[in-house]
Amino acid sequence: MTGLLRRVDGLAYGGDYNPEQWDRNVWDEDVRLMQAAGVNLVSVGIFSWSVLEPAPGRYEFRWLDEVMDLLASAGIAVDLANGTASPPPWFSYRYPETLPMLQDGTRLSVGSRQAYCPSSPIFREAAVTLTGEVAERYKDHPALAMWHVSNEIGCHNARCYCDVSAAAFRSWLEAKYGDIDALNEAWGTAFWSQRYGSWAEIGTPRVAPAAINPTQQLDFSRFSSDACLDVYRAERDALRSITPDVPITTNFMVMQFQQQLDYTTWASEVDFLANDHYLDAADPEAHIELAFAADHCRSLNDHRPWLLMEHSTSAVNWQQRNVAKAPGATIRNSLSHIARGADGALFFQWRASRAGAEKFHSAMLPHAGADSARHREVVELGAILRRIGEVAGTEVRAKVALVFDWEAWWAVELDSHPSVDVTYLDRMHATYRALWRLGITTDVVAPSADLSPYRLVIVPTLYLVTEDNAHRLQQYVAGGGTAVVTYFSGIVNEHDHIYLGGYPGALRPWLGVEVEEFFPLRSGATVTLDDGATADVWTEHTEVTTADVISRFADGPAAGRPAVTLNRHGDGSVWYVATRLDEAANSQLMRRIAHESGVESVITAEAATAGLEAVRRAGDLGAYLFLINHGNEPVGVAAEGFDLVSRRTVSGLVEIAPGEVAVIREADN
Ligand code: GAL
């Protein structure tokens, strides 16, 4: 991983390796098969605390010494975990107050994983001690390429409601607000007799008789993300003090299943971003959500290359119906991540477990063994990654950005809102899908990001927006940009207080519309627009002030009112979409807007709609066009250059067969 990772040339390839689950004689076979598959990086020791420290203060490193030596002699680099992801049972029994607590006051038990309260000073001290032991032991080991702090911090325990968390929450609030009056003001505690007389009266938002104060909930989300980040920082700093030159990261969960951690505040804390990504087996177009998550990772990592730390070769075991991947999908999925800026593709896990909760999870080496279709695909993927290794270090540049904000996600999905059908990822993913089908590459940026590189900025469901960020968006448009804003945006400030004077509050003056009242629809109800489109979930009484009306509601509670508008503001323009357009209408609208704002696509909309994914990575030495055919038909694309996958020169119309991939080093670069 050029520039990011020691000891790995080109792209990283491998997965979580858990040799402690297997007899010693299996390790030799592991290493032999890893070499044959082109594995050059494995993550070791992630869940090893109970074997590394079987009793308080008694360390057992000999087995890990042997694993590290074996890997080093095979030329396989190690992403070494500090081992803190799951404290051993003895720890939890000795310090039961470190076990996390649910919102209803249930204390969680021993026997699973990650059973600790992120705010627990006892846990933190023990984790830092183990980290120090591991770092001292392996600081000079030739296999050590990087440190893997903990594992998916907060995956199961991000929000802990125990008394220790409550005390930490109070300190966090005191640091934020300074005095209790400021907190009362921000939380709107004049409502329902919630005024606090002292800090001591404040707790975590445990289950209560009715709706819980929304700002308390919002601050608790912020606090919980920060508490998890503090876990990371403490362990990272312990590593850094011993090995200042070894890169350190932790695996993020930038994906549809993870809402609880605000990675915009985490990204600058890691030496490079590493992500875990799993497909939703229920989503027939999961490869598009994958692309969204990968684009998000790249954007969070300041557009620089990042590392795919985990994904699956086939089915997972933790969804309702764990659908296996079609032949070739492992290769396509890995290549999509790499196309979008990953400098490596790793899996959970190398060898499928025989026992334990994840024994039905796919792996690089399945239960059937090396002589299996799945493993052959793993070997093929390893060979492809070696052939395309020169793309490492190159970057992806986009001209379109989607604005994404975890705080807006938390806030919009709080209870007691106009409609439970307004969810954060809904319009985000719908817009992204539309852009994907146009062959357009998109960044996913925070509302505070520099928007000047973009020709088009889309703002889906930005319910919560600060005045500063609203101003930034306005300046972007006034300066000549094109923006699209969807309904239920600009409604509240950072304290979840409504911007008064009409919706969409903070954005209203430059959107050129004014909304007096929302008219959400009943479940399953639809409305028609005067251009023939259908929509559901949301309508509202929009009036235009300066905007032009593009389409109107033809029926429903907002009949005759504008549904889609366009306002010229300064040198730019801004669209407003006041309803949840059906997929075809949304795609058509995005096509028009992308065209009018002069955004170029990498391939034609026809090719993309047929299922071809196309992304360009470029660096000082040239550009690489990734082509991945997710569809059932061959798709032709104009390209000149050399396909690193098939090792052949291509020219003119290049045909990508269904399920196939190509990575073309472009001729004119
Ligand atoms: C991740 C985790 C891995 C494994 C994997 C299964 O959340 O980091 O340890 O559990 O999921 O999909």
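Predicted model: local features only at pLDDT ≥ 70, side-chain atom pairs only at ≥ 80, totals over all residues.
## Around the ligand

Let's start with the ligand. The residues around it are Phe-47, Arg-113, Asn-151, Glu-152, Asp-276, Tyr-278, Glu-310, Trp-318, Phe-348, Glu-358 and His-361.

Three of these side chains come with distances to ligand oxygen. For His-361, a polar side-chain atom sits 2.7 Å from an oxygen atom of the ligand. Glu-310 has a side-chain N or O atom 2.8 Å from a ligand oxygen, and Arg-113 places a polar side-chain atom 3.0 Å from an oxygen atom of the ligand.

## Helices α1 and α3

Now for the helix pairs. Helix α1 covers residues 24-37 and helix α3 covers residues 62-73; their axes are 11 Å apart, and the packing angle is about 25 degrees. Angles under 35 degrees count as roughly parallel, so that is how α1 runs relative to α3. The crossing of this pair is right-handed.

On the α1 side, the contact uses Arg-24, Trp-27, Asp-28, Val-31 and Met-34, while α3 brings Trp-63, Glu-66, Val-67, Leu-70 and Leu-71. Sorted by class, the α1 and α3 contact residues come out as 7 nonpolar and 3 charged, with no polar ones.

## Helices α5 and α8

Helix α5 (residues 121-138) and helix α8 (residues 214-242) have axes that come within 9 Å and cross at roughly 30 degrees. The two are therefore roughly parallel to each other, and α5 passes α8 in a right-handed crossing.

What does each helix put into this contact? From α5 you get Phe-123, Arg-124, Ala-127, Val-128, Thr-131, Gly-132, Ala-135 and Glu-136. From α8 come Ala-227, Asp-230, Val-231, Ala-234, Glu-235, Ala-238, Leu-239 and Ile-242.

## Helices α10 and α11

The last pair is helix α10, residues 329-339, with helix α11, residues 373-387. Their axes cross at roughly 30 degrees and come within 9 Å, so α10 and α11 are roughly parallel to each other. Their crossing is right-handed.

Here Ala-329, Thr-330, Ile-331, Ser-334, Leu-335 and Ile-338 of α10 meet Arg-374, Glu-377, Glu-380, Leu-381, Ile-384 and Leu-385 of α11. The α10 and α11 contact has 7 nonpolar, 2 polar and 3 charged residues.

Technical notes: Residues numbered from 1 in each chain as written. Heavy atoms only, no water. Axes fitted to C-alpha atoms, helices over the stretch in contact; angles between N-to-C directions. Helix = DSSP H or I, 4+ residues; strand = E, 2+ residues; numbered from the N terminus. Parallel < 35°, antiparallel > 145°, perpendicular 65-115°, else oblique. Left-handed = near helix turned anticlockwise from the far one by under 90°. Contact = heavy atoms within 4.5 Å. Nonpolar A, V, L, I, M, F, W, Y, C, P; charged D, E, K, R; others polar. Near = heavy atom within 4 Å. Polar contact = N/O pair within 3.5 Å; in protein donor to acceptor, adjacent residues only side chain to side chain.
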